[in-house]
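Me: Can you walk me through this structure? I'd like to start with the ligand and then jump around a bit.

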Amino acid sequence: MKPSLAHRLDFFRYGPSGRRFEFARKVAEAVRENPAPDSARYFDVGEFKSFEQFEIKYRQLAEELGHPGKIPAPGEMDFLHAMVDLDDVRYPGGIGSRDYFFLTALVSILAPRRVIEIGTLTGFSTAIIAAAIYRQHGAGLPPGRDGVTVETIDSHTHCSIDQTRPIGFEIPDLIPDLVSTVRVHTGRESDLVHEIASPGEFGLAFIDADHRHPWPLLDVLRLAPYLERGGWILLHDIQLGTYGQAERDAGKQLEGGTPYGAEWLFDRWPFRKIRSFHIGAIELPPRKDALIPFALTLMNEPFELTGKAANRIRRAIYQTFAGLV
Ligand SMILES: C[S@@+](CC[C@H](N)C(=O)[O-])C[C@H]1O[C@@H](n2cnc3c(N)ncnc32)[C@H](O)[C@@H]1O
């Protein structure tokens, strides 16, 4: 890809002050040197509809991820059974069982020591991740930074589903013994990552926050430098836009918006990826600067934010390039 004049001007305009020329040159180089791959591996593991399917699909995923023969850790299935038993009394807004089966399988197979999550709400998915990490590494092995294995960030301090409840309030109920392995950061966005981690520190990320394009892209670009080489990022709601449109076409009234941000990001991702119905995992390319031409292409899709918010996010995306070159 050859950077256009408009792109070059933007590289200059949004570059760090004092380093604008160098930044613009490096970013233009990254764009030229990283043509989109002709094809990349795409694996659709399908929906996790039952416990039987959990075991079958776990094996398939383990094979796909280069861990053939790996099986769920002791206690993993019991924990999932306990979570499914809660289904009738669950708070709204958290991921459903098909999605947390996939999330558990991925954490279990890849066995990262440190995971970062964007979009905490009650802390349901946070607890799922913390439990899966614990089952892989146990209490005896050296845990992550300060004993924390999951860093979770939410832009709010209280839950949209119940304003009297603080973000992450469910965590002590769901994983009482593992509360100290989770750190909840509220009132902040994904740019907090540079204050709480070192480059390459996380083995996995889960993004389930603002789905309006290009927020999920910005979250990926901000987290990428802090993920290990070839690390995976999970994206939730990768069919939300299409699903919402189909419902509206069928005459249904939907309360909230159904943005396309996560869907476009997953569909257009030119590197390796794995889908399981509404949730997907994307693998970072070996050269992180290869994300820059992809980001520029994806920014051609219409932003689902307008006015100052759109300008702010455009600038923030360009600023992430400094961490990728
Ligand atoms: C769908 S909920 C997360 C559900 C949670 N992952 C689960 O499955 O249990 C989305 C959360 O993202 C938060 N959020 C929205 N925009 C955000 C942003 N730009 N950065 C961080 N969090 C954001 C909201 O406050 C909300 O609590």
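Predicted model: local features only at pLDDT ≥ 70, side-chain atom pairs only at ≥ 80, totals over all residues.

Me: OK, how many residues surround the ligand, and which are closest?

Reply: The ligand is surrounded by 21 residues. The closest are Gly94, Gly119, Phe124, Ser125 and Ala209.

Me: How does that shell divide into nonpolar, polar and charged?

Reply: Ten of the shell residues are polar, seven are nonpolar and four are charged.

Me: Switching to helix 3. Which of its residues are buried?

Reply: Phe54, Tyr58 and Leu61 are buried in helix 3. Viewed down the helix axis, the buried residues sit within an arc of 75 degrees, so they line one face.

Me: Why would residues with that kind of spacing point the same way?

Reply: An α-helix has 3.6 residues a turn, so residues three or four places apart point the same way.

Me: What do the buried residues of helix 3 pack against?

Reply: They pack against helix 5, which covers 97–110.

Me: How many residues does helix 3 have, and what does it reach end to end?

Reply: Helix 3 runs over residues 51–64, which is 14 residues. From first C-alpha to last it reaches 20 Å, close to the 20 Å expected at 1.5 Å a residue. Glycine 66 follows helix 3 and has a positive phi, near 85 degrees.

Me: Which residues other than glycine have a positive phi?

Reply: Alanine 111 is one of them, with phi at about 45 degrees. Aspartate 237 is another, with phi near 65 degrees.

Me: Where is the cis peptide bond?

Reply: It joins histidine 213 and proline 214, with omega at about 5 degrees. Proline 214 belongs to the loop between strand 7 (202–207) and helix 9 (215–223).

Me: How many residues of helix 9 are buried?

Reply: Nine of its nine. Among them are Trp215, Asp219 and Arg222.

Me: What about the largest nonpolar core? Which members touch the most others?

Reply: That core has 83 residues. Leu103, Leu106, Val115, Ile129, Ala205, Ile233 and Leu234 touch the most other members.

Me: What does alanine 205 touch?

Reply: Leaving out residues up to four places away in sequence, alanine 205 touches Val115, Ile116, Leu223, Leu227, Ile233 and Leu234.

Me: Last one: valine 45. Where is it, and what does it touch?

Reply: Valine 45 is in the loop between strand 1 (42–44) and helix 3. It is buried, with 21 other C-beta atoms within 10 Å. Beyond four places away in sequence, valine 45 touches Lys57, Gln60, Leu61, Ile274 and Ser276.

Me: And what separates valine 45 from glycine 280?

Reply: Their C-alpha atoms are separated by 9.7 Å, although the two are 235 residues apart along the chain. For phenylalanine 79 and glycine 307, 228 residues apart along the chain, the C-alpha separation is 45 Å.

Conventions
Residues numbered from 1 in each chain as written. Near = placed C-beta within 6 Å. Nonpolar A, V, L, I, M, F, W, Y, C, P; charged D, E, K, R; others polar. Helix = DSSP H or I, 4+ residues; strand = E, 2+ residues; numbered from the N terminus. Expected span 1.5 Å × (residues − 1). Buried ≥ 20, exposed ≤ 12 C-beta atoms within 10 Å, placed from the backbone. Arc of directions from axis to C-beta. Contact = placed C-beta atoms within 7 Å. Core = buried A, V, L, I, M, F, W, Y, C linked by C-beta atoms within 7 Å.
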